[in-house]
Amino acid sequence: MRGWLALAVSFFTIASYAGQPVHEYSLENGLKLIVKEDHRAPVMVSQVWYKVGSSYEHDGITGLSHVLEHMMFKGTKAHPAGQFSKIIAGNGGSENAFTSRDYTAYFQTMEASRLPVSFELEADRMRNLVLPEDEFSKELQVVMEERRMRTDDNPQSLTYEQFNATAYASSPYRIPTIGWMDDLKSMAVGDLRKWYEEWYAPDNATVVVVGDVDPDDVYRLAKKYFGPLKPSVITPPKPRLEIQQHGPKQLVVKAPAKLPYLLMGYKAPVALTAEQDWEPYALEVLASVLDGGDSARFSSRLVRGSAVAASASASYDAFDRQETLFLLSGIPANSHSVADLQKALLAQVREVQEKLVSASELERIKAQIMADKVYEQDSIFYQAMQIGMLETVGLSWKDAEQYLPRIEAVTAEQVQAVARKYLIEDQLTVAELSPQPIDPKHPPREGGVAGNVR
Amino acid sequence: MSAKQSYIMARRLWLVIALLFAGSAQALPEIQSWTTARGAKVLYVAAHELPILDVRVVFDAGSARDGKLGGVAGLTNSMLDQGAAGLDADAVAGGFEQRGAQFGSGSERDMAWVSLRSLSDRKLLQPSLMLFGKVLTRPDFPQGDFEREQQLTLTGLKYQQQQPKSIVENAFYHDVYGKHPYASNPDGNADSVAALTVRDLKAFYKQYYVARNATVVIVGDVSRDQAETIAAELADALPAGNKAPPLPEVAALNKASTQFIEHPSSQSHVLVGAPGVRRGDPDYFALYVGNHVLGGSGLVSRISEEIREKRGLSYSAYSYFVPMKREGPYILGFQTRTDKRDEALSVLRDTVKNFIDNGPTDKELKASKDNIIGGFPLAVSSNSKITEYLAMIGFYDLPLDYLSTFTANIKAVTAAQIRDAYRRRVHVDDMVTVIVGAKE
């Protein structure tokens with residue numbers, strides 16, 4: 001325990017470093033604008049976040065949000081296909097977009113004075129997308145290639161996709177964001193048009209700007225470009241909660257591979273759904289006890305120590321929109337089996353349930369989380385991403401500011417309590433990738449309908 | 001290998017290809033440089049806005065130095081924090097993490113490095129720096145930890161064998177570089193790694209982890225005086241030693257070759273290329289801007305336009321130079337479903353041929369310059385990016401004004417220079433092609 005007091009004092013000083021204040025504005029049409037200053041360099045990132053993603057989809061239309069994200073670059077009346085990217089590039093910007101279960105977001109990173117270029121283009125495509133048929137049919141092929149690359153030809157991703165579809169029964173988190181291949185094949189441009197009209201409107205969007213900007217100037221620009229857009233009538237998605245799981249689930253995925261792979265997921269609440277406010281934060285600390293760096297238990301005991309694992313990880317996200325999974329995963333070391341690894345992971349779970357985490361371990365984890373918060377300030381993109389993500393799942397950027405004190409308040413008893421309450425066998429799904437010979441004569445049947453799981 | 005990653009689908013791959021430029025006129029970091037008593041080069045940039053410090057020590061100790069011991073450079077690097085100055089791996093990891101510090105290490109073909117990110121508060125920084133120094137200068141290479149890391153490397157090699165992307169890349173370097181040290185997989189191969197011993201690692205460490213072979217990069221919330229002390233305490237605790245000798249010259253390819261590797265994947269992964277440019281190459285800027293037009297600017301580049309935007313053949317189609325100590329590769333590639341492979345490959349070849357014959361249009365050249373120059377401030381907008389650039393400038397002996405002259409160098413490139421450089425340096429009929437995928 002020597003030195004802990006001195007360290008605690010240092011961290012207290014550091015923790016008061018929270019970066020610049022956040023400014024929040026609302027437009028009359030319902031668009032929310034959030035601005036954070038960062039004047040270290042003459043640059044800014046501008047992000048537009050929509051409350052739509054694969055967890056808003058249902059069977060038959062999976063992958064729709066992601067394909068629409070691709071089509072958002074295929075033109076409006078004012079800026080036909082291809083122009084968006086060219087204009088941003090010509091302004092020295094870099095841009096991209098991403099879709100996840102809970103959100104779809106678009107961003108440009110540019111020299112700070114170019115913000116109006118970004119706003120003009122984003123405002124235009126928020127309401128005026130054309131969705132040409134010929135562009136759609138080509139882009140759909142691109143997305144299918146993306147699926148083949150990311151999932152069909154990647155045995156671990158394939159396992160993860162099947163694992164998710166098994167772990168969740170009624171929650172839309174069972175849907176892969178890239179979409180099932182058959183749903184992609186039957187997708188029509190009309191489906192996209194409907195989806196676009198349903199979700200793309202100022203009252204379903206949050207604009208986040210972080211960088212070398214003046215918040216009131218940004219607000220004025222937002223009013224100029226986004227202000228004239230007509231709001232829509234957004235019908236929030238149905239709850240679609242996960243049904244109660246009544247016992248462990250297990251699956252085996254057979255695919256051509258060299259290495260086995262193990263995935264274990266326990267149903268767990270998130271900040272939006274937890275019975276007790278502190279539970280998600282205790283689960284975050286628990287994930288760090290197991291896998292928060294090279295000195296955490298999985299690395300020190302399973303990768304080093306018993307050397308049963310070539311890799312082992314624990315992850316949990318308190319800021320998902322719906323009930324989620326507390327995930328354990330790993331690859332057994334060369335001389336060990338998946339069963340050995342599973343046993344070792346379960347033994348670690350048992351230990352956190354039976355024995356309180358030590359004070360020094362807890363201090364280390366809090367020190368890491370606190371330092372990481374400071375390091376995050378080095379990236380304007382990450383700062384914006386955090387704000388946008390929280391706002392879009394239905395939380396607030398203020399939750400980011402409350403994160404440290406909430407983590408700080410977690411006790412060893414609370415870590416034990418969430419481990420006992422949530423890491424239980426009846427709430428568990430286990431998937432194993434069973435490597436099959438890499439036989440060039442037997443390429444997978446396309447599309448992950450049944451072909452990849454032989 | 002994280003499952004969580006696969007949640008997020010992006011419109012295009014976020015290729016981590018370092019854009020090799022940086023700095024805006026008003027925000028250019030001021031680089032200070034000096035040499036330590038034992039001969040390590042130091043590059044330092046003060047940045048006091050955030051209470052953090054980045055230190056990175058780079059050695060000419062990548063896999064190009066493996067010699068007959070394939071994988072020795074990588075394994076030596078990954079063993080540094082597995083026990084040092086009598087502390088075991090747990091004590092090392094815990095020592096950093098209890099202070100919120102992040103230790104990192106890595107190696108590629110040219111360079112190997114260790115890095116530290118810490119809060120700049122002295123009570124936290126000092127002990128982390130001391131520990132960092134131990135890892136860097138007094139690694140123990142414990143036998144048991146070595147055996148485990150050796151097994152992990154072998155597991156990593158197996159992982160590569162199930163990923164078409166890794167298979168094609170390893171075969172590509174092999175075919176482009178023949179007998180040159182760049183030919184081999186930086187992780188070695190199963191036989192070479194299995195044959196390595198602690199003695200091999202210690203000998204490698206002794207030869208290459210020396211002050212004259214080191215570049216120390218310091219970026220963040222410390223004064224020049226502090227930076228000098230830090231650099232001296234790290235680098236001068238190493239023996240002076242010698243700079244690594246020059247690598248052998250890279251032989252140009254004089255005929256085309258095609259290697260087909262059968263793999264049960266739904267897509268074929270295709271790479272085409274040849275030796276390209278070295279760092280500091282006189283043609284570098286012409287080739288860099290030229291490639292930006294051809295395949296280096298994401299979805300607006302010609303290759304992406306032809307293969308993806310016009311024909312929907314691939315999610316990612318691109319080209320890029322990898323400038324290295326010797327001629328690093330020029331890589332052009334895509335993935336597509338097997339029945340479209342030949343079509344995509346011929347579109348790629350035609351696109352390159354056309355570019356070599358005719359060069360960029362004035363409009364394209366202007367668009368590329370606008371993008372590169374306009375994007376200039378982004379490249380040095382964070383401490384971690386500045387750290388990366390300093391490591392590159394120091395390691396490759398680029399001039400200290402590399403950043404401040406970059407815009408002018410880009411502006412000066414003409415279409416004629418690009419055509420000339422491409423005609424002399426890029427020979428589409430003498431390229432290596434590697435295809436990984438199903439037969440038909």
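## Nonpolar cores

In this predicted model, the largest nonpolar core holds 222 residues. Those that touch the most other members are Leu286(A), Ala309(A) and Val415(A) from chain A, together with Ala214(B), Val216(B), Ile218(B) and Leu390(B) from chain B. Helix 10 of chain A (residues 279-291) contributes the largest share of this core, eight residues. In chain B, domain 1 (28-235) and domain 2 (257-437) both give residues to the core, so it lies between them. Another core lies apart from it and has 51 residues, including Ala64(B), Val168(B), Ile307(B) and Val426(B).

Beyond its neighbours within four places in sequence, Val415(A) is in contact with Ala282(A), Val285(A), Leu286(A), Val289(A), Val352(A), Val357(A) and Val410(A).

## Contact between chains A and B

The contact between the chains involves 86 residues of chain A and 75 residues of chain B. On the side of chain A that touches chain B, helix 5 of chain A (residues 133-152) gives the most, with ten residues. By class, that side of chain A has 34 nonpolar, 32 polar and 20 charged residues.

## Arg364(A)

Arg364(A) belongs to helix 13 of chain A, which spans residues 359-376. Arg364(A) is buried, because 25 other C-beta atoms lie within 10 Å and the cut-off for a buried residue is 20 or more. Not counting residues up to four places away in sequence, Arg364(A) touches Ser295(A) in chain A and Gly94(B), Glu97(B) and Gln98(B) in chain B. Val289(A), one of the residues in contact with Val415(A), is 75 residues from Arg364(A) in sequence, and the C-alpha to C-alpha distance between Arg364(A) and Val289(A) is 9.3 Å.

## Domains of chain B

Chain B is divided into domain 1, residues 28-235, and domain 2, residues 257-437. The centres of these domains, taken over C-alpha atoms, are 28 Å apart. Their contact takes 31 residues from domain 1 of chain B and 32 residues from domain 2 of chain B.

On the side of domain 1 of chain B that touches domain 2 of chain B, at least two residues each come from strand 3 (41-46), strand 4 (52-59), helix 5 (164-177) and strand 9 (214-220) of chain B. Helix 5 of chain B gives the most to that side, with nine residues. The residues of that side of domain 1 of chain B divide into 20 nonpolar, three polar and eight charged.

## A helix pair in chain B

Helix 1 (residues 72-79) and helix 7 (residues 198-208) of chain B pack with their axes 9 Å apart, at an angle of about 85°. Helix 1 of chain B and helix 7 of chain B are therefore roughly perpendicular to each other.

From helix 1 of chain B, the residues in this contact are Val72(B), Ala73(B), Leu75(B), Thr76(B) and Met79(B); from helix 7 of chain B, they are Asp200(B), Leu201(B), Phe204(B) and Tyr205(B). By class, the contact of helix 1 of chain B with helix 7 of chain B has seven nonpolar, one polar and one charged residues.

## Positive phi in loops

Most residues other than glycine have a negative phi. Ala307(A), which is not a glycine, has a positive phi of about 50°. Ala307(A) is in the loop between helix 11 (297-303) and strand 9 (309-315) of chain A. Ala307(A) counts as partly exposed, with 19 C-beta neighbours inside 10 Å.

Asp397(B) also has a positive phi, near 50°. Asp397(B) is in the loop between helix 13 (383-395) and helix 14 (406-412) of chain B. With 11 C-beta neighbours inside 10 Å, Asp397(B) counts as exposed.

Conventions: Residues are numbered from 1 along each chain as its sequence is written. Chains are lettered from A and ligands numbered from 1 in the order in which they are written. This is a predicted model: local features need pLDDT of at least 70, side-chain atom pairs count only at pLDDT 80 or more; totals for chains, interfaces and linings use all residues. A nonpolar core is a set of buried Ala, Val, Leu, Ile, Met, Phe, Trp, Tyr and Cys residues joined through C-beta atoms within 7 Å. A residue is buried if 20 or more other C-beta atoms lie within 10 Å of its own, exposed if 12 or fewer, and partly exposed in between; C-beta atoms are placed from the backbone. Helices (H or I, at least four residues) and strands (E, at least two) are DSSP runs, numbered from the N terminus. Domain bounds come from an automatic or database domain assignment. Two residues are in contact if their C-beta atoms, placed from the backbone, lie within 7 Å. Ala, Val, Leu, Ile, Met, Phe, Trp, Tyr, Cys and Pro count as nonpolar, Asp, Glu, Lys and Arg as charged, and the others, Gly among them, as polar. Axes are lines fitted to C-alpha atoms, for helices over the stretch in contact, and angles run from 0 to 180 degrees between N-to-C directions. Angles under 35 degrees count as roughly parallel, over 145 as roughly antiparallel, 65 to 115 as roughly perpendicular and the rest as oblique.
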